[in-house]
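Me: I would ask for a close look at a single part of this structure, followed by a connected account of other parts. Please state the cut-off behind each term that is used.

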Amino acid sequence: MSSQLDESIHSSHTVLEEEKASFFRQPKAVWATALAAVFSFMGIGLVDPILPAIAENLNASPSQVSLLFTSYFLVTAVAMLITGYVSSRIGGKKTLLIGLALIAVFASLSGLSGSVEQLVGFRAGWGLGNALFVATALAVIVGVASGGSGVAIILYEAALGLGISLGPLLGALLGGWQWRAPFFGTAALMAAAFIALFFMLPTLPKPAKKVQLKDPILALGHAGLRTTAIAGLFYNFGFFTVLAFTPFILHMNAYGIGAVFFGWGVALAVFSIFVAPIMQRRFGTTNSVMTALAGLMVVLGGLGVAALLHSVVTVVVLVIVSGALLGINNTLFTELAMEVSDSPRPVASAGYNFVRWMGGALAPFIAAQLGEHFGAQVPFFVAAVIMVLSIVAIFTGRKYLNAHEPHIV
């Protein structure tokens, strides 16, 4: 019995060492795509530190400003349905470059906005570019990276975590000077990413079979992918309640909000890269996801209590803790979406992201409306209840997900 345990531990250590080695031994094209993904994901949290400043300078309410997230993610969600159609016809490299170019153009236009309505509209265009880039980047990294899809997904999530953590920092540094500056800063980064990918990413072969517009919707007919997508929608509601509404209750300047969400993003990145794979290996995917969702439910409830008691210190601590839990689930949800069905990965990713980004579109506006009409604590309590729905979705659909479970050691 002891020798079997020793052998299992040794096998686990060997797998970890091999994954670590393959993680860092990647083609230049993978690193170029990952770096561009970092810049792209910076756009998600970039506006966080300047939300109060945007509201003040454009004479807008929190719910109006929240539409910056809603328009962005609504267009991102819907556009996910066409990303595979486009990339399978013009190729992954051209799709990535078009996405980056659109982000650069609409980020620049966002910086020139004279009203909150214009800014919301330009963020919608930004969301189109984001969809074309993000969905294709994941497929490109999975297709080009060495070490298997698991390593590729961790690379992708590392880029996501790093981008989300650096976005608020850049937004604070530039936004503390002038609220328009972060948008122009993003445009410059996207231009740099465009140049890097243009020269470093080789022309990728087009898939033998072209993706049809209906394919992502048909992919959701698979019970495992549908379960993951529905749970992901509820999960993202909690994610973006924290990201989009918390800045309004911190009562800090851009630098303070940026620092808080930089800590949040660092926790997200560290736990997505290092902790999520360990939890998955030890406890299984569905158990790990439900545990992290339960933890997020408790944290959201705690944020509601802290908002009611006006305890800013408690809010800061809980926001950073939420980053750790979000990091675990980001990695595990992405891996489930890519592996749980028999659909091609780009198609499965498009169907999953179409559903789950709806949570990102709905949460900011609903949270702001609830906060304005019923008190700052209510959005967090509602989000906590919605985490229960995500847990229920995973639990009831676990038999469709368990086929994806790794060997538990």
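What span should the 29 residues of helix α6 (residues 116–144) have at 1.5 Å a residue, and how far apart are its end C-alpha atoms?

Reply: The model is predicted, and so local features are given only at pLDDT of at least 70 and side-chain atom pairs only at pLDDT 80 or more, whereas totals for chains, interfaces and linings use all residues. Residues are numbered from 1 along each chain as its sequence is written, and side-chain values use heavy atoms, with hydrogens and water left out.

Helix α6 should span 42 Å, and its end C-alpha atoms lie 41 Å apart, which agrees. The expected span is 1.5 Å times one less than the number of residues; helices are DSSP runs (H or I, at least four residues), numbered from the N terminus. Of the 29 residues of α6, 21 are buried, so that the helix is mostly covered; buried denotes under 20% relative accessible area, exposed over 50% and partly exposed the range in between, with a 1.4 Å probe and protein chains only. Helix α2 (residues 28–46) can be treated in the same manner: its 19 residues should span 27 Å, and the end C-alpha atoms are 27 Å apart, in agreement. This helix is likewise mostly covered, with 16 of its 19 residues buried.

Aromatic side chains come next. A pair of aromatic rings is described by the distance of the centres and the angle of the planes. Here, rings of Phe, Tyr and Trp (its six-membered ring) pair if their centres lie within 6.5 Å; planes under 30 degrees apart count as stacked, over 60 as edge-to-face and the rest as tilted. The structure holds 17 aromatic pairs. One of them joins Phe69 and Phe73, stacked at 6.5 Å centre to centre with 10° between the planes. Phe69 and Phe73 stand 4 residues apart in helix α4, which means that about one helical turn separates them. Phe69 is buried at a relative accessible area of 1%, and Phe73 is buried at 0%. The pair of Phe239 and Trp264 is edge-to-face because its ring centres are 5.6 Å apart and its planes stand at 80°. This pair links distant parts of the chain, 25 residues apart: Phe239 belongs to helix α10 (residues 223–245) and Trp264 to helix α12 (residues 254–283). Both Phe239 and Trp264 are buried.

Phe239 also takes part in the lining of the largest cavity, together with Ile44, Leu160, Ile164, Asn236, Phe240, Asn330, Arg356 and Trp357. The elements that give two or more residues to this lining are α7 (149–175), α10 and α15 (345–374), and α10 gives the most, with 3 residues. The largest cavity has a volume of about 50 Å³, and the count of cavities of 30 Å³ or more comes to 2. A cavity is a set of points on a 1 Å grid over the protein atoms alone where a 1.4 Å probe fits but cannot get out, and lining residues have an atom within 4 Å of a point. Grid points are joined across faces, edges and corners, and the volume is the space filled by probe spheres set on the points.

Ser390, in helix α16 (residues 378–396), is buried at 0% relative accessibility. Apart from neighbours within four places in sequence, Ser390 is in contact with Ala231, Phe234, Tyr235, Leu293 and Phe333. Asn329 is found in helix α14 and is buried, with a relative accessible area of 0%. With residues up to four places away set aside, Asn329 touches Tyr235, Ser288, Val289, Ala292 and Leu293. Asn329 and Ser272 lie 57 residues apart in sequence, yet 7.5 Å apart in space, C-alpha to C-alpha.

Two loop residues complete the account. Asn59, in the loop between α3 (51–57) and α4, has a positive phi near 50° although it is not a glycine, and is exposed at 72% relative accessibility. His310, in the loop between α13 (285–309) and α14 (312–339), is not a glycine either and has a positive phi of about 60°; His310 is exposed, with a relative accessible area of 70%.

Technical notes: Contact = heavy atoms within 4.5 Å. 1 Å grid on protein atoms, 1.4 Å probe; cavity = no way out; pocket = protein on both sides within 12 Å on 5 of 7 lines; lining within 4 Å.
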